[in-house]
Amino acid sequence: MVQAKLWAMTKHFDGFPKNSDFELKVEELPEPKDGEVLLEAEFLSVDPYMRPFSRFRMKEGDVMIGTQVAKVIQSKNPAFPVGSHVVSNSGWRTHTLSDGTGLIPVLSEWPKDVSLSLALGTIGMPGLTAVYGIEEVLGLQKGETLLVNAAAGAVGSVVGQIAKIKGCKVVGSAGSDAKVAYLKELGFDEAFNYKTVGSLEEALRKASPEGYDCFFENVGGSFSTAALEQMKNCGRIAVCGSISTYNDSEPQTGPYPYFTMIIKQLKMEGFMQSRWQHKHPETLKRLLAWVKEGKLQCREHVTKGFENMPAAFMGMLKGENTGKAVVAV
């Protein structure tokens, strides 16, 4: 018998999450039956989507949703031998008994000197999101100008770097001077701290006086309103996130950008990476190749200790992380 620790959501979040919204529990897991494997988490992900998705994907008392990189420590399933690693949607738990459904083996060519935690970040869901937003939704072309907000986060930092690989001008917005400096290190052409600029509209105009062909939207709210005014005619917007609204107790209303969209003939499309799941294996190999070639830099904000999952989650929602936020068990 193995003791599994897990974090449950005791009640649905009202505004910003609180420590009292989480409870650490322990449960006994039986030995694996035929076809089953026992997983032990090594790295767990904390992501912005968990905040809004918890409202309609979870009931009070459920284990918090999320992905992890786990090691197979017992196996009665030949597809997942002992010692192999998988990405699993097991949620916030240290050990999981699985029948193998939904488990994704870590790429067989994964280099020994690359942390497996990147399978939750640049070579995982955030990296996939960046690729599909750029290629499938925006159709970004060489020589175009791209705007990305939350640019120092798990998705935004990869978006900017891939756009540079494709020969584009990239403008990024972030929430601290240290993050702006990081964007410059990554090769962003322009970057600014949206919290300290006198006028967001002026900052956007200064960074790209000619406007923006494409906008990779992670934030929503007032930033989106200002950015749409700076789009070129027939510009394209990929809506990936709306983190500025996730913790609102009352939904934000307006302003409504439809006249701007009509006059500028803008195309705006919301998306999730799961739409292109059939392309994941090939796309993950491309991302890994870019990392190995040094074309993609990866920064992580690592919190140690499973007991610190709620703190890591709330810190990520406050923007304390640069790059991907993960918890090392």
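**Notes on the predicted model**

1. Helix α2 (residues 125–138) and helix α8 (residues 280–292) have axes that come within 10 Å and cross at roughly 105°. The two helices are therefore roughly perpendicular to each other, a label given to angles of 65 to 115 degrees. On α2 the contact involves Gly127, Leu128, Val131, Tyr132 and Glu135, and on α8 His280, Thr283, Leu284, Arg286, Leu287 and Trp290; contact means heavy atoms within 4.5 Å. Axes are lines fitted to C-alpha atoms, for helices over the stretch in contact, with angles from 0 to 180 degrees between N-to-C directions.

2. This is a predicted model, in which local features need pLDDT of at least 70, side-chain atom pairs count only at pLDDT 80 or more, and totals for chains, interfaces and linings use all residues. Residues are numbered from 1 along each chain as its sequence is written, and side-chain values use heavy atoms, leaving out hydrogens and water.

3. The protein chain has nine helices and 15 strands. These are DSSP runs numbered from the N terminus (helices H or I, at least four residues; strands E, at least two).

4. Six strands form an open sheet in the order β10-β9-β8-β11-β12-β13, with parallel pairing; pairing requires at least two DSSP bridges between two strands. β10 (190–193) and β13 (267–270) are at the edges with a single partner strand each, so one side of each has no neighbour in the sheet. From one strand to the next, the twist averages 15°.

5. β11 (residues 212–217) pairs in the parallel sense with β8 (residues 145–148) over three bridges, and Leu146 stands opposite Cys214 in β11. With β12 (residues 231–239), β11 pairs in the parallel sense over five bridges; here Glu217 is opposite Val239 in β12. Six of the six residues of β11 are buried, that is, under 20% relative accessible area with a 1.4 Å probe, protein chains only.

6. Helix α4 (residues 177–186) lies across β9 (169–174) and β10, and runs at about 170° to β10.

7. For 329 residues, a compact globule would have a radius of gyration near 20 Å, and the 20 Å of the protein chain agrees. That radius is taken over C-alpha atoms, and the globule rule is 2.2 Å times the number of residues to the power 0.38. The C-alpha trace spans about 65 × 45 × 35 Å along its principal axes. Buried residues make up 54% of the 329.

How values were computed:
Buried means under 20% relative accessible area, exposed over 50%, partly exposed in between (1.4 Å probe, protein chains only). Angles under 35 degrees count as roughly parallel, over 145 as roughly antiparallel, 65 to 115 as roughly perpendicular and the rest as oblique.
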